[in-house]
Amino acid sequence: MSPVLVSLENVDAAFGTRALLDQVSLGIGTGERIGVVGRNGAGKSTLLRIIAGEAEPDAGRVVHAGSTRVGSLAQADVLPADRTVREVVVGTGAEHEWAADPRRRGVLAGLGLLDRLDDLLGPMSGGERRRVALARLLVQDLDLLILDEPTNHLDVEGVAWLAGHLADWRGGLLVATHDRWFLDEVCGRVWEVVDGRVDAYEGGYSAYVLARAERTRRADATEARRQNLLRKELAWLRRGPPARTSKPRFRIDAANDLIADEPPPRDTMALRSFAASRLGKDVYDAENLTIRVGDRTLFDGITWLLGPGDRIGLVGVNGAGKTTLLRALLGDVVPDGGRVKVGASVRPALLSQEVVELPASLRALEAVEQVGRVLEVERGRERSAGQLLEQFGLPSSRQWTRVGDLSGGERRRLQLLRLLMARPNVLLLDEPTNDLDTDTLTALEDLLDSWPGTLVVVSHDRYFLERTCDVTMALLGDGHLRMLPGGIEEYLARRAAAGSEAAAAATTASTAAASATAGSATAPAPAGATTGPTRSGSELRAARKELTRLERALDRLTRREQELHHSLAEAATDHERLLALDAELRAVVSNKDDTEEAWLTLAAELEG
């Protein structure tokens, strides 16, 4: 059994008159990887802060073993605005003192910060500052890593990189997140904070869903609705593509028995037929759409036809224009070229990333009923505002709370319900999973399963995208919109390939520059000339930037080399594939050697 790093004994914690933790006893050991889930406001962040030693319990005690080093990432931003990325992450020492450390360089490269070391934190966006806070934590030597919503503000690539990075973490890991793909990829146990207690489940999110479904199957009739939601989600998990079930940490036979008669999450053909009757044959036709922002061309003559019942997941690199594309469909952004033709019966609704102003003086139920009292969720089936609020985690006891007294997550749910109550037939959701817990996300997915309209979702939550959408499309930053039959996995593969090509091009250019520099260095110096080149300020900045590019290229090539070694081991019986992989490995190793030599030459010049 692994040594216990931190243990809680009979811990109590309350917020106002509400008990968050009631006589909780638990421990986390070296090498344990635990995901923490629960409703918004259930006490997840409080539990993490108590374990980290940042908050005192109302009763009980917390014991840290020996010299346990604990690092935590909070949801709140506490970075100093007058410091640079370099000062916060790697300190003020000379660059060569940390640049040779593959972990530090890898973290900075993976989070996109290598070329921003001298940027001040003050002007940065919330997402950029979040990456800096994450980098500062990941470069430290710690025994226990505590992360509270680490995937917030990270794009799909960032989440995938973080999951891969934590796969090599050997200390204890405690992470609270609503990202269910991340939970399944990273965690081996799940703690659910509910009604003042902490229930433990073995396995990742998939195992947690099964165990909860088994428990609720034995519960009384008042839990029937909740049980059905869990069974539907479990059925989707088991029937999904291999990427979602490559690590089945739950008992297969038990899962199959539980979902034997469960239908697919949605009848796509029936929904398309119903949507066509509400929308007609035309929804949005974007023809030769061109949009520029300053000197940048976001969209270069793209054509995109959205039909009735289409369910599109839209992914892309940061700044590629995902939100701009949604607003162009709505007419809020005027294109520089082309046009957007809108169907005559289209009634769109946009869920933006910002929580819009809500009537603070109204009760939660009144705020929803102000827009509508009932919502048709399927042909001939309706749900009342109260039923929907309960499904979205606001029980009758909370429905008469004033909007101004609701938490951020509760207001987000209210915003979404008011949007749906307006009865749109086209939904444009921009990062809809922000501030929603896993139970609310499951309820939202269940509601969207039977929603008869056109759906476009922009999200970094790959689980939500795969669960609710039928087609994935991508903006890769080159001004074009592409369909991805392979979904998120294809998107990540394309981005990795693009990064490798860019690294190879940078390596070729830098190697040529290094060779030219070496050639000029062997020429005899004129009489009276100083030894070594004298660089101007702009030349020094350019050289440091080139050094950074070489470091990033080295990091990418090193990762690719490791991937190829792994692939070679898997392809031991496939002779043709072995030959192809071996040829690529030789090229990567040669490229890496050239890049490293160029880096050493340039670093020596700068030090001189």
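Visitor: What makes you say that both faces of E8 are covered?

Guide: Buried means under 20% relative accessible area, exposed over 50%, partly exposed in between, with a 1.4 Å probe and protein chains only. On one side of E8, Arg-189, Trp-191 and Val-193 are buried; on the other, Val-190, Glu-192 and Val-194 are buried. The count for strand E8 is six buried residues of six, and E8 is mostly covered. Strands (E, at least two residues) and helices (H or I, at least four) are DSSP runs, numbered from the N terminus. The model is predicted: local features need pLDDT of at least 70 and side-chain atom pairs count only at pLDDT 80 or more, while totals for chains, interfaces and linings use all residues. Residues are numbered from 1 along each chain as its sequence is written, and side-chain values use heavy atoms, with hydrogens and water left out.

Visitor: How do you know that E8 and E9 pair, and in which sense?

Guide: Two strands pair if DSSP finds at least two bridges between them. Strand E8 (residues 189–194) and E9 have six bridges, in the antiparallel sense. Val-193 has Val-198 of E9 as its bridge partner, and Trp-191 has Ala-200. The two strands form a hairpin with two residues between them, and Asp-195 in the turn has a positive phi of about 55°.

Visitor: What joins E8 to E3?

Guide: Four bridges join E8 to strand E3 (residues 33–37), and these two strands run parallel. Val-37 stands opposite Glu-192 in E8. In general, strands of a sheet pair through backbone hydrogen bonds, either parallel or antiparallel.

Visitor: Why are E5 and E9 called edge strands?

Guide: The open sheet has six strands in the order E5-E6-E7-E3-E8-E9, and its pairing is mixed. Strand E5 (70–73) and strand E9 (197–202) each have a single partner strand, so one side of each has no neighbour in the sheet. Neighbouring strands there are turned by 15° against each other on average, direction ignored. The angles are taken between N-to-C directions, from 0 to 180 degrees, with axes as lines fitted to C-alpha atoms, for helices over the stretch in contact.

Visitor: Which strands stand at the edges of the three-stranded sheet?

Guide: That open sheet has the order E11-E10-E13, with antiparallel pairing. Strand E11 (296–306) and strand E13 (337–342) are the edge strands, each pairing on one side only. Strand E10 (residues 284–293) is joined to E11 by eight bridges; in one of them, Asp-285 has Leu-305 as its partner.

Visitor: What packs on this sheet?

Guide: Helix H13 (residues 322–330) does, touching E10, E11 and E13, and its direction makes about 55° with that of E11.

Visitor: What makes a set of residues a nonpolar core?

Guide: The set consists of buried Ala, Val, Leu, Ile, Met, Phe, Trp, Tyr and Cys residues, joined through side-chain atoms within 4.5 Å. The largest nonpolar core here has 68 residues, and Trp-304, Leu-325 and Leu-414 are among those with the most contacts inside it. Helix H16 (residues 408–421) gives the most to this core, with six residues. Apart from it lies another core, of 58 residues, including Val-88 and Leu-121.

Visitor: Why is Arg-105 called buried?

Guide: Arg-105 has a relative accessibility of 13%, which is under 20%, so the residue counts as buried. Arg-105 is found in helix H4. Contact means heavy atoms within 4.5 Å; leaving aside neighbours within four places in sequence, Arg-105 is in contact with Ala-99, Ala-100, Leu-114, Glu-551 and Leu-554. H4 is followed by Gly-112, whose phi is positive, near 70°.

Visitor: Is Thr-601 buried, partly exposed or exposed?

Guide: Thr-601 has a relative accessible area of 27%, which falls between 20% and 50%, so Thr-601 is partly exposed. Thr-601 lies in helix H21 (residues 575–607). Its C-alpha atom is separated by 9.8 Å from that of Leu-547, 54 residues apart along the chain.

Visitor: How many disulfides are found, and what would count as one?

Guide: A disulfide is a pair of cysteine sulfur atoms within 2.5 Å. A search of the whole structure finds zero. Cys-187, at 1% relative accessibility, counts as buried, and Cys-469 is buried at 10%.
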